[in-house]
Amino acid sequence: MMKAAAIHQYGPPEVVRVDEFERPTPTAEEIRIRVHATTVSAADSRLRAMRMPLGFALLARLAFGVFRPRKPILGLEFAGVVDAIGPNVDKFEVGDRVFGLCSTMGCHAEFVCVTQHAAVALIPANLTFEEAVALPFGGSTALHFFRKAELRAGESVLVNGASGAVGVAMVQIARHAGAVVTAVCSDANASTMRSLGAAEVIDYNRDDFAAQPCRYDVIVDTVGNAPYSRCRKVLKERGRLLAVSANLPQILFSPLWAMLSGRRVFGGPAGEHAEDMRVLAARAAAGDLKAVVDSRFPFQGIVNAHRRVDSGRKVGSVVLILR
Ligand SMILES: NC(=O)c1ccc[n+]([C@@H]2O[C@H](COP(=O)([O-])OP(=O)(O)OC[C@H]3O[C@@H](n4cnc5c(N)ncnc54)[C@H](OP(=O)(O)O)[C@@H]3O)[C@@H](O)[C@H]2O)c1
């Protein structure tokens with residue numbers, strides 16, 4: 001048996017309960033990870049509350065369960081130790097320290113199984129489980145969207161919502177690519193943004209980035225309040241808007257509208273790839289990517305972890321410690 005946090009209905013943080021579940025057994029191609037740390041991400045919070053961007057509510061219910069969640073155990077990110085492997089596994093060994101992303105969820109548990117080909121990689125020796133687990137969600141999203149945008153050195157990038165889990169990865173990965181980064185967040189997080197590589201910081205409570213004279217090659221919106229109509233004037237010709245948190249009408253119509261003026265809009269879900277995990281591990285090992293941990297909660301404190309994420313104020317990742 002194992003302990004796992006489950007939701008049997010959609011609702012506030014209090015619907016999450018830690019309970020006993022069957023311990024999973026790895027199939028031929030799977031590794032089983034004894035989870036040391038996981039996160040409560042913005043995606044976990046959205047799913048738990050069934051709080052979706054405009055146009056996605058019905059699709060989300062069809063995918064995850066119309067009246068109640070079909071899969072009760074949430075959790076996208078894991079860091080832990082491989083404790084069992086299937087007979088055909090040749091990429092990992094029992095005892096390996098690994099971290100990764102599991103879009104089928106299930107990481108809010110003491111054990112999780114993923115195939116050896118999933119988005120999983122070895123944890124660099126200089127990283128703790130708590131640090132490693134803060135990398136996959138934001139990091140893989142940033143790698144995916146900057147690949148789409150074909151970001152080049154010397155370009156200017158504005159990250160709206162720079163202090164969230166996605167934002168802190170966007171700022172660092174853009175900076176590492178040689179871009180000049182402007183972070184948009186509240187004043188309290190300005191020094192963190194500068195320490196991660198932002199050249200400029202705009203406090204959204206004081207200034208509207210879309211009403212400034214500066215123009216950008218790439219704008220990243222992780223908040224969902226910067227559609228193309230708002231960004232148009234501050235996006236350069238041939239500029240790209242990375243609509244990480246877009247609603248369905250924006251995803252459907254903005255690319256067409258933008259294309260008419262030579263700009264591009266990219267939205268939709270980021271995929272999950274083992275290679276991205278290896279890139280994140282290598283960058284973190286070299287000190288080019290820092291894990292930003294907002295807060296740590298014991299596993300039994302998962303309801304409070306959800307409350308923290310629901311506040312909309314977390315800086316980086318909310319980490320759950322299992323061991
Ligand atoms: N498309 C995809 O594949 C994909 C992948 C991952 C995530 N996402 C989505 O991306 C979104 C962000 O995820 P996340 O994990 O980064 O969220 P998060 O960590 O919860 O973001 C919280 C941050 O948003 C900032 N914020 C709130 N209101 C703001 C405003 N008006 N202007 C600027 N910043 C504001 C806050 O900064 P302050 O405290 O400084 O105000 C806070 O640090 C979520 O909606 C998630 O579902 C999409």
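The conversation below takes up some of the terms used for this model and sets the values against their definitions.

Guide: This is a predicted model, in which local features need pLDDT of at least 70 and side-chain atom pairs count only at pLDDT 80 or more, while totals for chains, interfaces and linings use all residues. Residues are numbered from 1 along each chain as its sequence is written.

Visitor: Why is Leu 235 called buried?

Guide: A residue is buried if 20 or more other C-beta atoms, placed from the backbone, lie within 10 Å of its own, exposed if 12 or fewer, and partly exposed in between. Leu 235 has 24 C-beta neighbours inside 10 Å, and therefore counts as buried. Leu 235 belongs to strand β12 (residues 235–243), where helices (H or I, at least four residues) and strands (E, at least two) are DSSP runs numbered from the N terminus.

Visitor: Which residues does Leu 235 touch, leaving out those up to four places away in sequence?

Guide: Contact requires C-beta atoms, placed from the backbone, within 7 Å of each other, and with that criterion Leu 235 touches Arg 215, Tyr 216, Ile 219, Leu 241 and Arg 263.

Visitor: What makes Arg 238 exposed?

Guide: Arg 238 is also found in strand β12, but it has 10 C-beta neighbours inside 10 Å and so counts as exposed. Its phi is positive, about 65°, although Arg 238 is not a glycine.

Visitor: Is Met 50 buried, partly exposed or exposed, and why?

Guide: Met 50 counts as partly exposed because it has 16 C-beta neighbours inside 10 Å. Met 50 is found in the loop between α1 and α2 (57–64), and its phi is near 50°, a positive value in a residue other than glycine.

Visitor: How do you know that α2 lies largely in the open?

Guide: The number of buried residues among the eight of α2 is zero, so the helix lies largely in the open. Just after α2, Gly 65 takes a positive phi of about 130°.

Visitor: Why does Pro 12 count as exposed?

Guide: Pro 12 has 12 other C-beta atoms within 10 Å, and therefore it is exposed. Pro 12 has its place in the loop between β1 (2–7) and β2 (16–21).

Visitor: How do you know that β14 and β15 pair?

Guide: Two strands pair if DSSP finds at least two bridges between them, and strand β14 (residues 293–298) and strand β15 (residues 317–321) have five bridges, in the parallel sense. The bridge partner of Val 293 in β15 is Ser 317.

Visitor: What handedness does the β-α-β crossover from β14 to β15 have?

Guide: The chain crosses from β14 through helix α10 (residues 302–310) to β15, and the crossover is right-handed, a term used if, with the strands pointing away from the viewer, the path from the first strand over the helix to the second runs clockwise.

Visitor: Into which domains is the protein divided?

Guide: An automatic or database domain assignment supplies the bounds, which divide the protein into domain 1 (2–134 + 291–321) and domain 2 (138–266). Their C-alpha centres lie 27 Å apart, and the contact takes 13 residues from domain 1 and 13 residues from domain 2.

Visitor: Which residues come nearest to the ligand?

Guide: Among the 29 residues around the ligand, Ser 163, Gly 164, Ala 165, Val 166 and Ser 186 come nearest, where a residue is near a molecule or strand if its C-beta atom, placed from the backbone, lies within 6 Å of it. Domain 1 and domain 2 each give at least three residues to this shell.

Terms used. Two residues are in contact if their C-beta atoms, placed from the backbone, lie within 7 Å.
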